[in-house]
There are 2 protein chains.
Amino acid sequence: PEAAQAQLFAALERMVGFVVASPQAGEIVQFILRELSHPTAALDRIYDGVFEPSHRRLCQLWEQATGEPAESEATRLTVFTLIGQVIYFRIGREAVMRRMGWPDIGAAEAAKVVAVTSGNLKAILAARKGAKTKGQRP
Amino acid sequence: PEAAQAQLFAALERMVGFVVASPQAGEIVQFILRELSHPTAALDRIYDGVFEPSHRRLCQLWEQATGEPAESEATRLTVFTLIGQVIYFRIGREAVMRRMGWPDIGAAEAAKVVAVTSGNLKAILAARKGAKTKGQRP
């Protein structure tokens, strides 16, 4: 489970690095947003080729890390929340920069996003562990 | 702190109810997405009139619930992650429905999103409490 947990944190950090901090992610995310709101054949290719395999892989890591079945509804939804908390910093970039007083979201700002989203993941994993070992739901 | 925590959970549930489940949210979210990617004067009004006041209010609730300063960078970023995990279920709706095998996201599906996002919030709050009372970082 420790190795799988480490892989989850690494995946989160990579996702922030690409989605939030890399300049080229802007164009790609805009393209995917257009496809999500008005699906064409391109969305089928993105979904089947990239999205679903990546999501399944994260769900498998989740099972290895927590013992919760990879394809359970709860696991699939939890993985969406982990992705969502990161993606928002790209989609809501303009609002985030205004509220944070950041002139840009570069490497330094991305590191702060990694710290907060990793902290959330750590808490969510710790709650699972607590519920399992102590037989209580925190 | 308990009252503020209850208000945070209530705010999360309201946000899911509106953003994820209500049919009219689709148009509104599309409009805001367009503004966020190509800001016009409308974004200034939405940001100043709705977005920033709501975000500040959630940050104040966070301070009351956890003791962490409302306007600290960590609190502002944490509140963004709480919003982001919910908003994604609207923005990524098409991908979510495919992956979940849901024909639609209505009240029943929204209740499952509430369960998972509330579980995350509970875990994140519990980690704060654990760190404070036991002097350890979980």
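Contact here means heavy atoms within 4.5 Å. With that in mind, look at chain B of this predicted model. B:Phe51, B:His55, B:Leu58, B:Cys59 and B:Trp62 of helix H3(B) meet B:Thr75, B:Arg76, B:Thr78, B:Val79, B:Phe80, B:Leu82 and B:Ile83 of H4(B). Helices (H or I, at least four residues) and strands (E, at least two) are DSSP runs, numbered from the N terminus. The residues of this contact split into eight nonpolar, three polar and one charged. For these classes, Ala, Val, Leu, Ile, Met, Phe, Trp, Tyr, Cys and Pro count as nonpolar, Asp, Glu, Lys and Arg as charged, and the others, Gly among them, as polar.

How do H3(B) and H4(B) pack? Their axes are 9 Å apart, at an angle of about 110 degrees. That makes H3(B) roughly perpendicular to H4(B), a label for angles of 65 to 115 degrees (under 35 is roughly parallel, over 145 roughly antiparallel, the rest oblique). Axes are lines fitted to C-alpha atoms, for helices over the stretch in contact, and angles run from 0 to 180 degrees between N-to-C directions.

## The chain and its copy

Chain A has six helices and zero strands, and its C-alpha trace spans about 45 × 40 × 25 Å along its principal axes.

A rotation of 180 degrees, with 0.0 Å of shift along its axis, superposes chain A on chain B (RMSD 0.0 Å). The two copies are thus related as by a two-fold rotation axis. In chain A, A:Gln85 has the C-alpha nearest that axis, 2.3 Å away. Both copies use the same surface, and 100% of chain A's contact residues recur in chain B. The superposition is by least squares on the C-alpha atoms of residues with pLDDT of at least 70 in both copies.

Now for the gaps. On a 1 Å grid over the protein atoms alone, a cavity is a set of points where a 1.4 Å probe fits but cannot get out, while a pocket is an open set with protein on both sides within 12 Å along at least five of seven lines; lining residues have an atom within 4 Å of a point. Points are joined across faces, edges and corners, and a volume is the space filled by probe spheres set on them.

There are two cavities of 30 Å³ or more. The largest has a volume of about 70 Å³, and its lining has eight nonpolar, no polar and no charged residues, among them A:Leu8, A:Met15 and A:Val79. Which residues line the second largest cavity? They come from both chains, including A:Gln85, B:Gln85, A:Asn120 and B:Asn120. This cavity has a volume of about 50 Å³, and its lining divides into four nonpolar, six polar and no charged residues.

The largest pocket holds about 860 Å³ of space. Of its 33 lining residues, B:Met15, B:Val19, B:Phe51, B:Ile83 and B:Ile87 are the closest to its centre. H3(B) gives the largest share of the lining, 11 residues.

The second largest pocket has a volume of about 740 Å³. Of its 30 lining residues, A:Met15, A:Val19, A:Phe51, A:Ile83 and A:Ile87 lie closest to the centre. Here H3(A) gives the largest share, 10 residues.

## Reading the numbers

Residues are numbered from 1 along each chain as its sequence is written, and chains are lettered from A and ligands numbered from 1 in the order in which they are written. Local features need pLDDT of at least 70, side-chain atom pairs count only at pLDDT 80 or more, totals for chains, interfaces and linings use all residues, and side-chain values use heavy atoms, with hydrogens and water left out.
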